[in-house]
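Please look over the model shown here.

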Amino acid sequence: MSNAIHATKIERQTVDETIGDHAAIISSQLQAISEALFPPTASKTLRRFTSGEAARLIGVSDSTLRKMTLAGEGPQPQLTSNGRRLYTLRQINELREKLAQTVRGREAYNFVPRRGPDDHLQVIAVTNFKGGSGKTTTSVHLAQYLALQGYRVLAVDLDPQASLSALLGVLPETDVRSNETLYAAIRYDEEKRPLADVIRNTYFDGLDLVPGNLELMEFEHTTPRALTRGSRDGDGIFFTRVARALDEIAEGYDVVVIDCPPQLGYLTLSGLCAATSMVVTVHPQMLDVASMSQFLLMTHDLLAVVREAGGELKYDFIRYLLTRYEPQDAPQTKVTALLRNLFDDHVMTNPMVKSAAVSDAGLTKQTLYEIGRENLTRSTYDRAMEALDAVNGEVESLIRLAWGRTPK
């Protein structure tokens, strides 16, 4: 099509028709790319881990695992032609359970770090007012890290764009049908379903998902109508509904990670009211810090209204995570110093450095915890993994402190 004809066609179209055409074009292309990478009959799988990686995850020596293999104790690893032992994540978790049975009391938590009967469910809301702050990347890597450590994790995609779902192998446009998102459990009409009905297992042992898609936007539309009617059902006013839904499935999990939308609507506010902790991602540049300032001011005002309406908010911790951080960038180091000076310990000690490894893994809808070290430049991979583990390990330490345990 020539430029003149194309221009004439655009002039004849209304804005919504043009946008609709563009949406269809990009959706079709994304679907084609996705099917090329992951055919419709395929599903995402997690790689196997070497004996050295398995030993580090469990917290024992490689020789201990070798002795268990020779003695026929626990699941048997896959042996490669060169004699390497490879374990699935499920086998690693089975080994954790077996080793936990050999010790007593609090030491068992070192192998199977699940919450005890007196430990409350940790619900971590990862949020920011501004897109592009690394919110979804932070959410998915945190959820996977905790699953790798042996926690029972539920990832909740509260963002209608559903990038978290896509990274976890669930395509929002094709794999998620009507009433199969969190909206099913928080809606106001007779089609409401238990949250357990929409939870999906993932290819990551110990990590389940509540997927998202554009259907979540319905909550933004139906909530004002419900407030106007003054209607309340057993799940109460809007800001209690996510918390009530999570209460239904709390016994099956240790940690819930909520990926909030990049705007402060009813969905985000409901997620924040269900949370026990909050991680705010911030790119250390002045425009992003200004945006974060507006987000905090608006959040303060809205949560104050929630409190006056009878909502009770108790957070174990609030932390600001510096994302896409470039240590050699002088303006970023100045902004970082400013944030640390203003917020002190509320700024996480470890930043998430900007890394080509994370971007490269994302090209194939993978995370750094999924992609093998052999698939990337090793030095780049190692630096990114060191930063990622430091960030997520810091969050894990905060979780353990909230449960009255010593940090790792």
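## Salt bridges

D259 and K135 form a salt bridge through their side chains, with N and O 2.9 Å apart. The term means a side-chain nitrogen of Lys or Arg within 4 Å of a carboxyl oxygen of Asp or Glu. This bridge links distant parts of the chain: D259 is in strand β8 (residues 255-259), K135 is in helix α6 (residues 135-148), and they lie 124 residues apart. Helices (H or I, at least four residues) and strands (E, at least two) are DSSP runs, numbered from the N terminus. D259 and K135 are both buried. Buried means under 20% relative accessible area, exposed means over 50%, and partly exposed is in between (1.4 Å probe, protein chains only).

The model is predicted: local features need pLDDT of at least 70, side-chain atom pairs count only at pLDDT 80 or more, and totals for chains, interfaces and linings use all residues. Residues are numbered from 1 along each chain as its sequence is written, and side-chain values use heavy atoms, with hydrogens and water left out.

How many salt bridges does the structure hold? There are 12. Three of them are set out below.

| Salt bridge | N to O distance |
|---|---|
| D259 and K135 | 2.9 Å |
| E180 and R200 | 2.9 Å |
| E97 and R114 | 3.3 Å |

E180 pairs with R200, with their closest N and O atoms 2.9 Å apart. Here too the pair links distant parts of the chain: E180 is in the loop between α7 (163-167) and α8 (183-186), R200 is in strand β6 (residues 200-201), and 20 residues separate them. E180 is buried, at 15% relative accessibility. R200 is partly exposed, at 23%. Salt bridges with shared partners join K135, D159 and D259 into one network.

E97 bridges to R114, with the closest N and O atoms 3.3 Å apart. E97 belongs to helix α5 (residues 89-100), while R114 is in the loop between α5 and β4 (122-127), 17 residues apart. E97 is partly exposed, with a relative accessible area of 32%. R114 is also partly exposed, at 31% relative accessibility.

## Overall make-up

The protein has 15 helices and 10 strands. Of its 408 residues, 51% count as buried. A contact means heavy atoms within 4.5 Å. Among contacts between residues at least 6 apart in sequence, 75% join residues at least 24 apart. The accessible surface comes to about 20100 Å², and 53% of that belongs to carbon and sulfur atoms. Accessible areas come from the Shrake-Rupley method with a 1.4 Å probe; for residues, only the protein chains shown count as cover.

Two packed helices are described by the angle between their axes and the distance between the axes. Helix α3 (residues 51-58) packs on α5 at an angle of about 45°, with the axes 10 Å apart. Axes are lines fitted to C-alpha atoms, for helices over the stretch in contact, and angles run from 0 to 180 degrees between N-to-C directions. The two helices are therefore oblique to each other. Angles under 35 degrees count as roughly parallel, over 145 as roughly antiparallel, 65 to 115 as roughly perpendicular and the rest as oblique. A54, L57 and I58 of α3 meet I92, L95, R96 and L99 of α5.

Why is α3 described as largely enclosed by the rest of the structure? Because 7 of its 8 residues are buried. They are S51, G52, E53, A54, A55, L57 and I58. Their cover includes β1 (49-50), α4 (62-70), β3 (85-87), α5 and α6. Just after α3, G59 takes a positive phi of about 95°.

In helix α9 (residues 217-229), the buried residues are F219, E220, T222, T223 and A226. Among the elements that cover them are α8, α10 (241-249) and α11 (266-274).

## Two single residues

N93 sits in helix α5. N93 is buried, with a relative accessible area of 15%. Not counting residues up to four places away in sequence, N93 touches A147, G150 and D205.

P331 lies in helix α13 (residues 330-343). Is P331 buried or exposed? P331 counts as exposed, at 53% relative accessibility. P331 and P284 are 47 residues apart along the chain, and their C-alpha atoms are separated by 8.4 Å.
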